[in-house]
Amino acid sequence: MPQEFEETVLRPDGRRTCIVSKFPLRDVNDRIYAIGGIVTDITERKQAEEVLRESEERFRLMVEGVKDYAIFMLDPEGRVTSWNLGAERFKGYREDEILGEHFSRFFLAEEVARGKPEEELRLAGAAGRVEDEGWRVRKDGTRFWANVVITALRNRGNGNLIGFCKLTRDATQQHEAQAALARAFEEINALKDRLHEENVVLREEIDQRSMFEEIIGSSRPVKSVLSRVAKVAPMDCTVLITGETGTGKELVARAIHKRSNRAGRAFVGFNCAGIPPSLIASELFGHEKGAFTGAQQRRLGRFELAEGGTIFLDEVGELPAETQIALLRVIQEREFERVGGSQPIATNVRVIAATNRDLQEAVAAGNFRLDLFYRLNVFPIEVPPLRERREDISMLLEYFIKRYADKAGKKIRSIDKRTVELFKSYHWPGNIRELQNVIERSVIVCESESFSVDPSWLSTAPVSSSSSSSTLAEKLHAQEIKIIESALAESKGRIAGRLGAAFKLGIPSSTLESRIKLLKIKKSRFRSD
């Protein structure tokens, strides 16, 4: 029998590795007469095999040592043929559990349903390499965020697809950190927006604040107003302040806020007549990004800025009908929605409104909702015009002269007597605001230490005849009685039910009963026999 063995041969050019084959030589009678042999030099082949073995070992050690990546070798159909320890570590499967299984086993059920695994292999086969990221699933059902790279493997000779190499990295911590960072940026932007809005409100308050910091005066009308302010301030109810333009209605609202339990929170003023009607809802309740053309980001409204504090709605009689409905909802249900939003936002804000209009006349004309009027008119306060508190004029004159003289750096030591008499005899149609402007102008042009005013600066318009007739409160009561009696007549004295006066007026029957009792209306007069 032939024998083969490996042998090292020392030659002049160095050691060589050979395969020696020995076999017997036989004659025609099958007798061995000699031993033959063949020597084959396999030195280069042995060296190549050693290099390949070392390369494979280095590759195996390198792959096994990669702990941050799961490395899968897939056949052309996507079945697992091998993987590294990293794959076993963060997938949770043993090698015998996953070999031969399709790699879609690592995907979420919804991704498998829409064919994502097959799509990844198709893209990798077409492009040679594909990168992806998304949620993947472990054996125990837990999810992790994965960075994935799939590389197609092809035969160098004919270019046929022989499989895929899939590298997966667990990037959950980085993904969550980025998500947390994105949320933090959103919160920062929201805070920046809120700070910007609050600064806008603060600037508006500074620019549009009342004409004096304190209520100046000791007359009976002023004392009456202060008494009502002291009573209503801690009660947290809605207040309606009425009075002519320039009488200081916002100052009364601020006094209520400062004496209330909300004094430590914001006082946000808003002039309902100061902006176009189409923008009032956005200003009051805010808007979402994209709610309308130009709404490039979410904006907080005045109600959100006043959270926990007080919102002052000046010239509330100018609100458009749709905003009246939204305001009624805020007062009744303590919630609102931003323009373009669908989620209700709870609010805790005290509402103080003011107007120089006769709201009951507006109700009768169909321009103002009666139910909103009743919600606002829980506690009415009427601010008297300056002509009804002339005894306060001297005190106001001294106060404003000192204020504007200090501002202008001037010293005014006396007031011309004719000026005092002129101020007391003038009817002041613009009230405190007009008085303030006249004094400031006079201080600017004053060149002596004695204050005087040019009589031509005072308006020559006659006093409105309505000022000498009934007060605004009396008008409001008379108009309210007229409206209620009209509803009682139509309903034949009935209060509740769909045919009752309360339903016609759009208010609860209990509210109507209390108003009838307060106004001393005899509802029996309207009942039919």
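1. At roughly what angle do the axes of helix α14 (residues 393–408) and helix α15 (residues 417–425) cross? The two axes cross at roughly 120° and come within 10 Å. An angle of 65 to 115 degrees would count as roughly perpendicular, and one over 145 as roughly antiparallel; α14 and α15 are therefore oblique to each other. The crossing in which α14 passes α15 is right-handed. As the model is a predicted one, this and the points below describe a prediction.

2. The contact between these two helices can be listed by residue. From α14 come I393, S394 and L397, and they meet V420, F423 and K424 of α15. By class, the residues of this contact are four nonpolar, one polar and one charged.

3. For the protein as a whole, the secondary structure consists of 19 helices and 17 strands. The protein has 529 residues, and 40% of them count as buried. Its accessible surface is about 30200 Å², with 51% of that belonging to carbon and sulfur atoms. Among the contacts with a separation of 6 or more, 60% are accounted for by residues 24 or more positions apart.

4. The crossing of α7 and α8 is right-handed. Here V225, V229 and V232 in α7 are in contact with V252, A255 and I256 in α8. The residues of this contact are six nonpolar, with no polar and no charged ones.

5. How many of the 10 residues of α8 are buried? Nine are, and the helix is mostly covered. The buried residues are K249, E250, L251, V252, A253, R254, A255, I256 and H257. V252, A255 and I256, which meet α7, are therefore among residues with under 20% relative accessible area, the cut-off for buried.

6. Beyond α7, D236 deserves a look. This residue is found in the loop between α7 and β9 (239–242).

7. R334 is placed in the loop between α11 and β12 (335–336). With a relative accessible area of 36%, R334 is partly exposed.

8. Within helix α11 (residues 321–333) lies Q324. Why does Q324 count as buried? Its relative accessibility is 1%, and buried means under 20%. Leaving aside residues up to four places away in sequence, Q324 touches L319, N367, F368, R369 and L372.

Technical notes: Residues are numbered from 1 along each chain as its sequence is written. This is a predicted model: local features need pLDDT of at least 70, side-chain atom pairs count only at pLDDT 80 or more; totals for chains, interfaces and linings use all residues. Side-chain values use heavy atoms; hydrogens and water are left out. Axes are lines fitted to C-alpha atoms, for helices over the stretch in contact, and angles run from 0 to 180 degrees between N-to-C directions. Helices (H or I, at least four residues) and strands (E, at least two) are DSSP runs, numbered from the N terminus. Angles under 35 degrees count as roughly parallel, over 145 as roughly antiparallel, 65 to 115 as roughly perpendicular and the rest as oblique. A crossing is left-handed if the near helix is turned anticlockwise from the far one by less than a right angle, and right-handed if clockwise. Contact means heavy atoms within 4.5 Å. Ala, Val, Leu, Ile, Met, Phe, Trp, Tyr, Cys and Pro count as nonpolar, Asp, Glu, Lys and Arg as charged, and the others, Gly among them, as polar. Buried means under 20% relative accessible area, exposed over 50%, partly exposed in between (1.4 Å probe, protein chains only). Accessible areas come from the Shrake-Rupley method with a 1.4 Å probe; for residues, only the protein chains shown count as cover.
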